[in-house]
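Biologist: Please put the chain and its model on the screen. I would like to go through the fold and then the charged pairs.

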Amino acid sequence: MASWQDGEHPMIDLEAEARNDRLAAEPREEDGYEGAPFLVRVTERRRLSIIREMTRPTAGLSVLEVGSGEGEVLRMFPDARLTALDVSLNVSNARREVARQKLTGFDARFVTGEVEALAGERFDRIICTEVLEHVADPEATLAAVARLLAPGGAAVFTVPNDPLMLRLWRVVRFTPLGWILGRRMWGGSEDPRLHAWTPRTFEDLLERHFRVVERHAAPMEALPIRACFRCLPRRR
């Protein structure tokens, strides 16, 4: 973890929230990262692997994904009772249909809205990956997730390490590698984010609501482009 740098977590582009709503309505490619540059593909494959490892066996358990998108994460857990929660399911028929197709044959239900739509329910596992940087109030979302977590349950979070990615981009953008990668390396203007954290500052935010018990980086600890955390409920 020594390679993870402390830093501030500035707001990024205050107009991005409106663009997030617009982009949520647009369907993505079936395998959205398969045509991306090599580093992006490696990072995302490792991120999915970490999520699966941190979620642990889920046979018969209730699993919620906050910001489920097209179901790419939830389909890793065919033996669980799945809840796919996403604000985009009510604005994009195409995205909803892709998610339903990917989870055909699964014990899955689809819920449209924010985390508060599930108030009063409890889940054994909650996954929230690449979501919190896009929400207006990530701390309120974390508090709501904590209330949904069943005793003995676990939550898994991942976020992009934007400060590191921006530093890397400044180094390579005027090189041939930067020309090849272009905006697709980190998402560019078509992946607007409201917040940015280093792994350390995001872990500090998590610790206000959970106990962080495991942390990993994708694609590797020495290059933490994605920060991944397994969290348990705070003892009451």
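Biologist: How many bridges join β1 to strand β2?

Modeller: This is a predicted model, in which local features need pLDDT of at least 70, side-chain atom pairs count only at pLDDT 80 or more, and totals for chains, interfaces and linings use all residues. Residues are numbered from 1 along each chain as its sequence is written, and side-chain values use heavy atoms, with hydrogens and water left out. Strand β2 covers residues 81-86 and runs parallel to β1; strands here are DSSP runs of E with at least two residues, helices are runs of H or I with at least four, and both are numbered from the N terminus. Strands pair if DSSP finds at least two bridges between them, and for β1 and β2 the number of bridges is five.

Biologist: Which residue in β2 stands opposite V66?

Modeller: Strand β1 spans 62-66, and β2 takes in residues 81-86. The residue of β2 opposite V66 is L85.

Biologist: In what order do the seven strands form the sheet?

Modeller: The sheet is open and its pairing is mixed. Its edge strands, β3 (107-112) and β6, each pair on one side only. The twist from one strand to the next averages 15°, where axes are lines fitted to C-alpha atoms, for helices over the stretch in contact, and angles run from 0 to 180 degrees between N-to-C directions. The order is β3-β2-β1-β4-β5-β7-β6.

Biologist: What angle does the direction of helix α5 make with that of β7?

Modeller: Helix α5 (residues 162-172) packs on the sheet and touches β5 and β7 (223-233), a contact being heavy atoms within 4.5 Å. Helix α7 also packs on the sheet, touching β5, β6 and β7, and its direction makes about 15° with that of β7. For α5 the angle with β7 is about 175°.

Biologist: Why is helix α4 largely enclosed by the rest of the structure, and which elements are included in what covers its buried residues?

Modeller: Eight of the eleven residues of α4 (residues 138-148) are buried, so the helix is largely enclosed; buried means under 20% relative accessible area, exposed over 50%, and partly exposed in between, with a 1.4 Å probe and protein chains only. The buried residues are P138, T141, L142, A143, A144, V145, A146 and L148. The cover includes β1, β4 (123-129), β5 (149-160), α7 (199-206) and β6 (210-220).

Biologist: How many residues apart in sequence are the parts that R226 and E130 tie together?

Modeller: R226 and E130 form a salt bridge with the closest N and O atoms 2.7 Å apart; the criterion is a side-chain nitrogen of Lys or Arg within 4 Å of a carboxyl oxygen of Asp or Glu. R226 is buried at 8% relative accessibility, and E130 is buried at 17%. R226 lies in strand β7 and E130 in the loop between β4 and α4, so the parts they tie together are separated in sequence by 96 residues.

Biologist: Is R208 buried or exposed?

Modeller: R208 meets E139 in a salt bridge at 2.6 Å, N to O. R208 lies in the loop between α7 and β6 and E139 in helix α4, so the pair ties together parts 69 residues apart in sequence. E139 counts as partly exposed at 29% relative accessibility. R208, with a relative accessible area of 53%, is exposed.

Biologist: With which residue does E207 form a salt bridge?

Modeller: E207 is in the loop between α7 and β6, and its partner is in the segment after β7, 27 residues apart. The closest N and O atoms are 3.0 Å apart, and the partner is R234.

Biologist: What pLDDT does the protein chain average?

Modeller: pLDDT is the predictor's confidence in each residue, from 0 to 100, and 75% of the residues score at least 70. Over residues 1-31 the pLDDT is below 50, although this stretch has 69 contacts in the model beyond near neighbours in sequence. Where pLDDT is low, the predicted coordinates should not be read in detail. The average for the protein chain is 82.
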